[in-house]
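Okay, thanks everyone, let's get going. Have a look at the model on the screen and I'll walk you through a few places in it.

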Amino acid sequence: MSHNNAADTAAPKKKSGFGVSKHINELSLFLAIALLYVIFGTTAYGFLSFNNQVNILRDAATIGIAAWAMTFIIISGEIDVSVGPMVAFVSVALAYLLQWGFPTPVAFLLAVALGAGLGGISGVLRAYFDVPSFVATLGMWSALRGLALFFTDALPVSIGRNDVLDALDRSVLGIPPAAIIMLVLFAIFAFVSRKTAFGRSVFAIGGNAHAAYLSGINVARIRVAIFAIGGAMAAISGILLVSRLGSGNATAASGLEFDVIAAVVVGGTALSGGRGSMLGTLLGVLVITLIGNGLVLLGINPFFQQVVRGLIIVIAVLANMQAIKRSLARNKG
(Lines give C-alpha, C1' and ligand atoms only; values in the text may rest on other atoms or scores of the structure.)
Protein backbone atom coordinates (compact mmCIF):
# COMPACT_ATOMS: atom_id res chain seq x y z
CA MET A 1 0.00 0.00 0.00
CA SER A 2 2.82 2.38 0.89
CA HIS A 3 4.50 1.68 -2.46
CA ASN A 4 1.31 2.70 -4.30
CA ASN A 5 1.07 5.91 -2.30
CA ALA A 6 4.68 6.71 -3.11
CA ALA A 7 4.03 6.13 -6.79
CA ASP A 8 0.91 8.30 -6.69
CA THR A 9 2.76 11.19 -5.09
CA ALA A 10 5.76 10.85 -7.40
CA ALA A 11 3.73 10.87 -10.64
CA PRO A 12 2.32 14.40 -10.36
CA LYS A 13 5.79 15.81 -9.64
CA LYS A 14 7.18 14.23 -12.77
CA LYS A 15 4.30 15.54 -14.84
CA SER A 16 4.67 19.04 -13.41
CA GLY A 17 8.40 19.12 -14.17
CA PHE A 18 7.78 17.98 -17.71
CA GLY A 19 5.15 20.70 -18.12
CA VAL A 20 7.60 23.41 -17.06
CA SER A 21 10.30 22.13 -19.42
CA LYS A 22 7.78 21.98 -22.25
CA HIS A 23 7.07 25.69 -21.94
CA ILE A 24 10.65 26.94 -21.52
CA ASN A 25 10.82 27.67 -25.25
CA GLU A 26 7.66 29.84 -25.15
CA LEU A 27 8.88 31.67 -22.05
CA SER A 28 12.23 32.41 -23.68
CA LEU A 29 10.44 33.71 -26.79
CA PHE A 30 8.30 36.06 -24.67
CA LEU A 31 11.55 37.37 -23.18
CA ALA A 32 13.10 37.73 -26.65
CA ILE A 33 10.09 39.74 -27.88
CA ALA A 34 10.29 42.06 -24.85
CA LEU A 35 14.02 42.48 -25.46
CA LEU A 36 13.46 43.31 -29.14
CA TYR A 37 10.91 45.97 -28.18
CA VAL A 38 13.41 47.53 -25.75
CA ILE A 39 16.29 47.43 -28.28
CA PHE A 40 14.38 48.72 -31.32
CA GLY A 41 12.24 51.08 -29.23
CA THR A 42 15.37 52.89 -28.09
CA THR A 43 17.42 52.69 -31.32
CA ALA A 44 14.98 52.70 -34.26
CA TYR A 45 13.11 55.99 -34.75
CA GLY A 46 9.34 55.45 -35.11
CA PHE A 47 9.43 51.79 -34.06
CA LEU A 48 6.95 52.30 -31.22
CA SER A 49 4.60 54.53 -33.24
CA PHE A 50 1.02 53.36 -33.71
CA ASN A 51 1.36 53.24 -37.51
CA ASN A 52 4.43 51.03 -37.24
CA GLN A 53 2.68 48.66 -34.83
CA VAL A 54 -0.11 48.33 -37.42
CA ASN A 55 2.54 47.57 -40.06
CA ILE A 56 4.04 44.92 -37.78
CA LEU A 57 0.63 43.26 -37.42
CA ARG A 58 0.09 43.35 -41.18
CA ASP A 59 3.51 41.86 -41.87
CA ALA A 60 3.00 39.24 -39.15
CA ALA A 61 -0.24 38.16 -40.85
CA THR A 62 1.58 37.56 -44.15
CA ILE A 63 3.99 35.19 -42.40
CA GLY A 64 1.63 33.81 -39.75
CA ILE A 65 -1.23 32.56 -41.91
CA ALA A 66 1.17 30.37 -43.90
CA ALA A 67 3.10 29.46 -40.74
CA TRP A 68 0.09 27.81 -39.06
CA ALA A 69 -0.08 25.22 -41.84
CA MET A 70 3.72 24.97 -42.03
CA THR A 71 3.72 24.01 -38.34
CA PHE A 72 1.55 20.97 -39.13
CA ILE A 73 3.76 20.09 -42.10
CA ILE A 74 7.00 20.25 -40.10
CA ILE A 75 5.51 18.47 -37.07
CA SER A 76 4.65 15.61 -39.44
CA GLY A 77 8.32 15.43 -40.42
CA GLU A 78 7.94 17.12 -43.82
CA ILE A 79 8.85 20.52 -45.32
CA ASP A 80 7.24 22.89 -47.85
CA VAL A 81 9.47 25.40 -49.67
CA SER A 82 6.85 26.45 -52.24
CA VAL A 83 5.01 29.01 -50.07
CA GLY A 84 6.32 32.23 -51.68
CA PRO A 85 5.61 31.27 -55.32
CA MET A 86 2.26 29.77 -54.25
CA VAL A 87 1.21 33.12 -52.74
CA ALA A 88 2.37 35.00 -55.84
CA PHE A 89 0.74 32.56 -58.29
CA VAL A 90 -2.60 32.66 -56.45
CA SER A 91 -2.48 36.47 -56.36
CA VAL A 92 -2.05 36.48 -60.14
CA ALA A 93 -4.82 33.91 -60.64
CA LEU A 94 -7.18 35.92 -58.41
CA ALA A 95 -6.41 39.13 -60.31
CA TYR A 96 -7.24 37.43 -63.62
CA LEU A 97 -10.46 35.94 -62.21
CA LEU A 98 -11.57 39.41 -61.12
CA GLN A 99 -10.60 40.87 -64.51
CA TRP A 100 -12.76 38.21 -66.19
CA GLY A 101 -15.75 39.34 -64.17
CA PHE A 102 -16.09 36.60 -61.57
CA PRO A 103 -17.96 37.78 -58.44
CA THR A 104 -15.41 38.52 -55.71
CA PRO A 105 -16.61 35.82 -53.24
CA VAL A 106 -16.56 33.20 -56.02
CA ALA A 107 -13.07 34.35 -57.07
CA PHE A 108 -11.90 34.00 -53.45
CA LEU A 109 -13.27 30.46 -53.20
CA LEU A 110 -11.68 29.47 -56.52
CA ALA A 111 -8.35 30.96 -55.40
CA VAL A 112 -8.39 28.98 -52.13
CA ALA A 113 -9.42 25.82 -54.01
CA LEU A 114 -6.56 26.39 -56.47
CA GLY A 115 -4.07 26.74 -53.62
CA ALA A 116 -5.40 23.62 -51.91
CA GLY A 117 -5.24 21.67 -55.17
CA LEU A 118 -1.66 22.71 -55.92
CA GLY A 119 -0.60 21.94 -52.36
CA GLY A 120 -2.38 18.61 -52.64
CA ILE A 121 -0.22 17.71 -55.67
CA SER A 122 2.90 18.00 -53.49
CA GLY A 123 1.13 15.88 -50.86
CA VAL A 124 0.24 13.18 -53.39
CA LEU A 125 3.84 13.07 -54.66
CA ARG A 126 5.05 12.58 -51.09
CA ALA A 127 2.32 10.21 -49.89
CA TYR A 128 1.85 7.91 -52.86
CA PHE A 129 5.10 8.17 -54.87
CA ASP A 130 7.57 8.56 -51.98
CA VAL A 131 9.04 11.74 -53.46
CA PRO A 132 10.78 13.61 -50.59
CA SER A 133 8.67 16.61 -49.65
CA PHE A 134 11.62 18.97 -50.13
CA VAL A 135 12.03 17.79 -53.73
CA ALA A 136 8.28 17.84 -54.48
CA THR A 137 7.79 21.35 -53.13
CA LEU A 138 11.02 22.61 -54.69
CA GLY A 139 9.64 21.49 -58.05
CA MET A 140 6.38 23.26 -57.24
CA TRP A 141 8.36 26.38 -56.22
CA SER A 142 10.07 26.52 -59.62
CA ALA A 143 6.94 25.69 -61.66
CA LEU A 144 4.65 28.21 -59.93
CA ARG A 145 7.16 31.06 -60.03
CA GLY A 146 7.85 30.36 -63.70
CA LEU A 147 4.14 30.13 -64.62
CA ALA A 148 3.30 33.33 -62.77
CA LEU A 149 6.09 35.21 -64.56
CA PHE A 150 5.13 33.65 -67.91
CA PHE A 151 1.45 34.60 -67.66
CA THR A 152 2.17 38.19 -66.57
CA ASP A 153 5.49 38.99 -68.30
CA ALA A 154 6.60 39.92 -64.76
CA LEU A 155 4.16 42.85 -64.77
CA PRO A 156 1.48 43.53 -62.10
CA VAL A 157 -2.05 42.42 -63.03
CA SER A 158 -4.40 45.27 -62.14
CA ILE A 159 -7.82 44.49 -60.62
CA GLY A 160 -9.37 47.97 -60.78
CA ARG A 161 -11.62 49.15 -57.98
CA ASN A 162 -12.98 46.41 -55.71
CA ASP A 163 -14.91 47.26 -52.55
CA VAL A 164 -14.37 43.87 -50.89
CA LEU A 165 -10.60 43.94 -51.37
CA ASP A 166 -10.49 47.58 -50.27
CA ALA A 167 -12.32 46.59 -47.07
CA LEU A 168 -9.77 43.82 -46.44
CA ASP A 169 -7.02 46.47 -46.31
CA ARG A 170 -8.98 48.97 -44.18
CA SER A 171 -8.22 48.82 -40.45
CA VAL A 172 -11.00 47.96 -37.98
CA LEU A 173 -10.51 49.94 -34.72
CA GLY A 174 -6.88 50.34 -35.74
CA ILE A 175 -6.35 46.61 -36.37
CA PRO A 176 -5.72 45.38 -39.94
CA PRO A 177 -8.28 42.76 -41.06
CA ALA A 178 -5.32 40.57 -42.09
CA ALA A 179 -4.23 40.41 -38.43
CA ILE A 180 -7.77 39.50 -37.33
CA ILE A 181 -7.92 36.73 -39.95
CA MET A 182 -4.49 35.50 -38.80
CA LEU A 183 -5.61 35.29 -35.15
CA VAL A 184 -8.91 33.55 -36.02
CA LEU A 185 -7.01 30.97 -38.06
CA PHE A 186 -4.48 30.62 -35.23
CA ALA A 187 -7.31 29.75 -32.81
CA ILE A 188 -8.66 27.15 -35.27
CA PHE A 189 -5.25 25.54 -35.84
CA ALA A 190 -4.45 25.56 -32.11
CA PHE A 191 -7.74 23.79 -31.39
CA VAL A 192 -7.22 21.24 -34.17
CA SER A 193 -3.64 20.49 -33.07
CA ARG A 194 -4.54 19.92 -29.42
CA LYS A 195 -8.13 18.66 -29.36
CA THR A 196 -8.77 16.59 -32.49
CA ALA A 197 -7.83 13.17 -33.83
CA PHE A 198 -6.39 14.86 -36.93
CA GLY A 199 -3.99 16.92 -34.80
CA ARG A 200 -2.91 13.88 -32.79
CA SER A 201 -2.37 11.96 -36.03
CA VAL A 202 -0.04 14.68 -37.35
CA PHE A 203 2.08 14.42 -34.18
CA ALA A 204 2.04 10.62 -34.35
CA ILE A 205 3.22 10.59 -37.98
CA GLY A 206 6.04 13.00 -37.16
CA GLY A 207 7.09 10.87 -34.20
CA ASN A 208 7.08 7.55 -36.07
CA ALA A 209 5.18 7.22 -39.35
CA HIS A 210 5.42 3.42 -39.46
CA ALA A 211 4.09 3.06 -35.91
CA ALA A 212 1.29 5.52 -36.75
CA TYR A 213 0.37 3.39 -39.79
CA LEU A 214 0.34 0.22 -37.68
CA SER A 215 -1.93 1.91 -35.15
CA GLY A 216 -4.54 2.51 -37.87
CA ILE A 217 -3.75 6.09 -38.95
CA ASN A 218 -4.12 6.69 -42.69
CA VAL A 219 -0.67 8.25 -43.09
CA ALA A 220 -0.99 8.93 -46.84
CA ARG A 221 -4.32 10.74 -46.46
CA ILE A 222 -3.03 12.89 -43.59
CA ARG A 223 0.05 13.86 -45.61
CA VAL A 224 -2.03 14.92 -48.61
CA ALA A 225 -4.36 16.86 -46.30
CA ILE A 226 -1.63 18.87 -44.57
CA PHE A 227 -0.05 19.93 -47.87
CA ALA A 228 -3.49 20.85 -49.25
CA ILE A 229 -4.11 22.92 -46.10
CA GLY A 230 -0.72 24.55 -46.64
CA GLY A 231 -1.73 25.51 -50.17
CA ALA A 232 -5.07 26.89 -48.95
CA MET A 233 -3.34 29.05 -46.31
CA ALA A 234 -0.90 30.34 -48.93
CA ALA A 235 -3.92 31.19 -51.09
CA ILE A 236 -5.46 33.22 -48.26
CA SER A 237 -2.14 35.08 -47.96
CA GLY A 238 -2.32 35.64 -51.72
CA ILE A 239 -5.81 37.15 -51.42
CA LEU A 240 -4.61 39.52 -48.67
CA LEU A 241 -1.60 40.39 -50.81
CA VAL A 242 -3.89 41.46 -53.66
CA SER A 243 -5.93 43.58 -51.24
CA ARG A 244 -2.73 45.23 -50.03
CA LEU A 245 -1.09 45.85 -53.42
CA GLY A 246 -4.23 46.37 -55.49
CA SER A 247 -2.91 43.92 -58.09
CA GLY A 248 -1.68 40.39 -58.64
CA ASN A 249 2.10 40.24 -58.72
CA ALA A 250 4.28 37.34 -59.92
CA THR A 251 7.38 38.73 -58.21
CA ALA A 252 5.73 39.25 -54.80
CA ALA A 253 6.33 37.17 -51.67
CA SER A 254 9.88 36.41 -52.74
CA GLY A 255 11.63 34.55 -49.94
CA LEU A 256 8.43 34.29 -47.86
CA GLU A 257 8.94 30.55 -47.43
CA PHE A 258 12.20 31.20 -45.55
CA ASP A 259 10.52 33.61 -43.12
CA VAL A 260 7.70 31.11 -42.58
CA ILE A 261 10.04 28.17 -41.95
CA ALA A 262 12.23 30.35 -39.72
CA ALA A 263 9.20 31.42 -37.66
CA VAL A 264 8.11 27.79 -37.17
CA VAL A 265 11.62 26.61 -36.23
CA VAL A 266 12.27 29.60 -33.94
CA GLY A 267 8.92 28.74 -32.35
CA GLY A 268 10.34 25.38 -31.24
CA THR A 269 8.92 22.96 -33.80
CA ALA A 270 11.41 20.15 -34.36
CA LEU A 271 12.54 19.77 -37.98
CA SER A 272 12.80 16.04 -37.30
CA GLY A 273 9.04 16.01 -36.62
CA GLY A 274 6.83 14.98 -33.71
CA ARG A 275 7.26 18.10 -31.58
CA GLY A 276 5.93 21.66 -31.81
CA SER A 277 3.16 24.03 -30.75
CA MET A 278 1.01 26.68 -32.38
CA LEU A 279 1.73 29.14 -29.54
CA GLY A 280 5.45 28.69 -30.17
CA THR A 281 4.91 29.42 -33.86
CA LEU A 282 2.87 32.55 -33.04
CA LEU A 283 5.74 33.84 -30.91
CA GLY A 284 8.23 32.84 -33.61
CA VAL A 285 6.22 34.83 -36.17
CA LEU A 286 6.39 37.90 -33.91
CA VAL A 287 10.15 37.48 -33.41
CA ILE A 288 10.85 37.21 -37.15
CA THR A 289 8.49 40.11 -37.96
CA LEU A 290 9.96 42.39 -35.28
CA ILE A 291 13.52 41.69 -36.42
CA GLY A 292 12.63 42.41 -40.06
CA ASN A 293 10.77 45.60 -39.16
CA GLY A 294 13.47 46.86 -36.80
CA LEU A 295 16.31 46.23 -39.28
CA VAL A 296 14.44 48.20 -41.96
CA LEU A 297 13.86 51.17 -39.61
CA LEU A 298 17.52 51.11 -38.61
CA GLY A 299 18.44 51.42 -42.28
CA ILE A 300 20.38 48.16 -42.34
CA ASN A 301 21.45 47.06 -45.82
CA PRO A 302 18.76 44.69 -47.24
CA PHE A 303 21.40 42.13 -48.21
CA PHE A 304 22.76 42.09 -44.66
CA GLN A 305 19.23 41.58 -43.37
CA GLN A 306 19.26 38.24 -45.17
CA VAL A 307 22.49 37.37 -43.34
CA VAL A 308 20.82 38.15 -40.00
CA ARG A 309 17.79 36.01 -40.85
CA GLY A 310 20.03 33.14 -41.92
CA LEU A 311 21.90 33.30 -38.63
CA ILE A 312 18.59 33.27 -36.76
CA ILE A 313 17.51 30.06 -38.53
CA VAL A 314 20.83 28.34 -37.79
CA ILE A 315 20.81 29.41 -34.13
CA ALA A 316 17.18 28.29 -33.78
CA VAL A 317 17.96 24.86 -35.25
CA LEU A 318 20.93 24.47 -32.90
CA ALA A 319 18.75 25.45 -29.94
CA ASN A 320 16.12 22.96 -31.14
CA MET A 321 18.62 20.13 -31.32
CA GLN A 322 19.94 20.91 -27.83
CA ALA A 323 16.37 20.96 -26.47
CA ILE A 324 15.67 17.55 -28.03
CA LYS A 325 18.88 16.10 -26.56
CA ARG A 326 18.03 17.48 -23.10
CA SER A 327 14.50 16.09 -23.37
CA LEU A 328 15.79 12.63 -24.34
CA ALA A 329 18.36 12.69 -21.55
CA ARG A 330 15.67 13.74 -19.04
CA ASN A 331 13.32 10.96 -20.17
CA LYS A 332 16.11 8.38 -19.85
CA GLY A 333 16.95 9.77 -16.43
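Predicted model: local features only at pLDDT ≥ 70, side-chain atom pairs only at ≥ 80, totals over all residues.

A word on naming: helices (H or I, at least four residues) and strands (E, at least two) are DSSP runs, numbered from the N terminus. With that, Ala-253 is in the loop between β2 (247-248) and α12. And Ala-253 has a positive phi, about 60°, although it is not a glycine.

Residues are numbered from 1 along each chain as its sequence is written, and side-chain values use heavy atoms, with hydrogens and water left out.

Back to phi. Ala-154 is another one: its phi is near 65°, a positive value in a residue other than glycine. Ala-154 sits in the loop between α6 (133-152) and β1 (157-158). For the cut-offs, buried means under 20% relative accessible area, exposed over 50%, and partly exposed in between, with a 1.4 Å probe and protein chains only.

Take α3 (residues 50-75) and α12 (residues 256-266). Their axes come within 8 Å and cross at roughly 60°. Axes here are lines fitted to C-alpha atoms, for helices over the stretch in contact, and angles run from 0 to 180 degrees between N-to-C directions. So α3 and α12 are oblique to each other; under 35 degrees counts as roughly parallel, over 145 as roughly antiparallel, 65 to 115 as roughly perpendicular, and the rest as oblique. On the α3 side, the contact (heavy atoms within 4.5 Å) includes Thr-62, Ile-63 and Ala-66. On the α12 side, Asp-259, Val-260 and Val-264 are among the residues involved. By class, that contact divides into 10 nonpolar, 2 polar and 1 charged. The classes are: Ala, Val, Leu, Ile, Met, Phe, Trp, Tyr, Cys and Pro nonpolar; Asp, Glu, Lys and Arg charged; the others, Gly among them, polar.

Next pair: α8 (residues 177-195) and α11 (residues 219-245) have axes that come within 11 Å and cross at roughly 165°. That makes α8 roughly antiparallel to α11. Ala-178, Ile-181, Leu-185 and Phe-189 of α8 meet Ile-229, Met-233, Ile-236 and Leu-240 of α11. That gives 8 nonpolar residues, no polar and no charged.

Keep an eye on Met-233. Leaving out residues up to four places away in sequence, Met-233 touches Ile-65, Ala-66, Ala-69, Leu-185 and Phe-189. The largest nonpolar core has 88 residues, and Met-233 is among those touching the most other members, with Trp-68, Leu-94, Leu-165 and Val-260. A nonpolar core, by the way, is a set of buried Ala, Val, Leu, Ile, Met, Phe, Trp, Tyr and Cys residues joined through side-chain atoms within 4.5 Å. Which helix gives the most to this core? That's α3, with 14 residues.

Two last stops. Thr-104 is in α5 (residues 104-129) and is buried, at 12% relative accessible area. Beyond its neighbours within four places in sequence, Thr-104 contacts Leu-98, Asn-162 and Val-164.

Finally, Ala-319 lies in α14 (residues 302-332) and is partly exposed, at 44%.
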